Amino acid sequence: MQGICGAFIFLMSTKGHRFRYTYYDKSCGNIYQSVEKLDRMGMDMIEQMTPAGFTDYLKKFGNTICGRHPIGVLLNAIQTLQKTGNGHKMSLKFLKYAQSSQCLSMHDSSVSYAAAALVIE
């Protein structure tokens with residue numbers, strides 16, 4: 001990053017997709033609340049910017065995130081920049097989360113959406 005001036009914006013689009021997968025922890029309340037808890041756990045792992053943590057999350061829960069591969073590429077790029085980035089500070093924060101519908105039964109379907117910003121200073 002040395003010698004580079006200006007600002008960069010990285011846009012990545014991803015969504016969770018059902019693929020006949022429904023995580024349901026009844027202690028969370030309704031299905032949509034359980035799905036949100038699972039999604040937010042994944043978002044927390046992404047905000048930590050550790051590729052291994054995100055991979056462990058995917059293996060543990062089997063969440064069907066369509067953009068899991070681009071997210072993995074981004075997390076690995078961040079990790080590489082942190083090692084060689086000449087002291088630049090990086091932070092990744094989720095700005096918005098939404099579901100296309102609130103699932104109340106196992107026959108309902110929904111897609112989760114999330115937007116995040118990566119800031120490099």
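## Contacts around Tyr-24

Contact here means heavy atoms within 4.5 Å. By that criterion, and leaving out residues up to four places away in sequence, Tyr-24 touches Gly-29, Asn-30, Ile-31 and Ser-34. The model is a predicted one.

Tyr-24 sits in the segment before α1. How exposed is Tyr-24? Its relative accessible area is 33%, so Tyr-24 is partly exposed. Partly exposed covers the range between under 20% for buried and over 50% for exposed. Tyr-24 can also be placed relative to Leu-38. The two are 14 residues apart in sequence. Their C-alpha atoms are 9.0 Å apart in space.

## Overall layout

Which elements does the protein have? There are three helices and two strands. Along the sequence they follow the pattern α-α-α-β-β.

The protein has 121 residues, and 30% of them are buried. Its accessible surface is about 8,100 Å². Carbon and sulfur atoms hold 55% of that surface. Take the contacts with a separation of 6 or more: 60% of them are between residues 24 or more positions apart.

## Helices α1 and α2

Two packed helices are described by the angle between their axes and the distance between the axes. Helix α1 covers residues 31–47, and helix α2 covers residues 51–61. Their axes come within 8 Å. They cross at roughly 160°. Angles over 145 degrees count as roughly antiparallel, and therefore α1 is roughly antiparallel to α2. The crossing of these helices is right-handed.

Which residues make the contact? From α1 come Leu-38, Asp-39, Met-41, Gly-42, Met-45 and Ile-46. From α2 come Gly-53, Phe-54, Tyr-57 and Phe-61. By class, this contact of α1 with α2 holds seven nonpolar residues, two polar residues and one charged residue. Asp counts as charged and Gly as polar; Asp-39, Gly-42 and Gly-53 are among the residues that meet here.

Gly-53 belongs to helix α2. Is Gly-53 buried or exposed? Its relative accessible area is 12%, so Gly-53 is buried. The cut-off for buried is under 20%. Gly-53 and Gly-42 are eleven residues apart along the chain. Their C-alpha atoms are separated by 9.1 Å. Both glycines take part in the contact of α1 with α2.

Met-49 lies in the loop between α1 and α2. Its phi is near 60°. That is a positive value in a residue other than glycine. With a relative accessible area of 8%, Met-49 is buried.

## Helices α2 and α3

Helix α3 spans residues 68–84. The axes of α2 and α3 come within 9 Å and cross at roughly 155°. With that angle, α2 is roughly antiparallel to α3.

The α2 side of the contact is Pro-51, Phe-54 and Leu-58. The α3 side is Arg-68, Ile-71, Leu-75, Asn-76 and Gln-79. These residues divide into five nonpolar, two polar and one charged. Phe-54 is on the α2 side here, and Phe-54 is also among the α2 residues that meet α1.

Gly-87 is in the loop between α3 and β1. What is the accessibility class of Gly-87? At 72% relative accessible area, Gly-87 is exposed. The cut-off for exposed is over 50%. In sequence, Gly-87 and Glu-121 are 34 residues apart. In space, the distance is 9.0 Å, C-alpha to C-alpha.

Ala-98 lies in strand β1, which runs over residues 90–99. Ala-98 counts as partly exposed, because its relative accessibility is 30%. Setting aside neighbours within four places in sequence, Ala-98 is in contact with Val-111, Ser-112 and Tyr-113. Ala-98 and Ala-115 are 17 residues apart in sequence. Their C-alpha atoms are 9.2 Å apart in space.

Methods: Residues numbered from 1 in each chain as written. Predicted model: local features only at pLDDT ≥ 70, side-chain atom pairs only at ≥ 80, totals over all residues. Heavy atoms only, no water. Helix = DSSP H or I, 4+ residues; strand = E, 2+ residues; numbered from the N terminus. Buried < 20%, exposed > 50% of the residue type's maximum accessible area, 1.4 Å probe, protein only. Areas by Shrake-Rupley, 256 points an atom, 1.4 Å probe, with all protein chains shown as cover. Axes fitted to C-alpha atoms, helices over the stretch in contact; angles between N-to-C directions. Parallel < 35°, antiparallel > 145°, perpendicular 65-115°, else oblique. Left-handed = near helix turned anticlockwise from the far one by under 90°.
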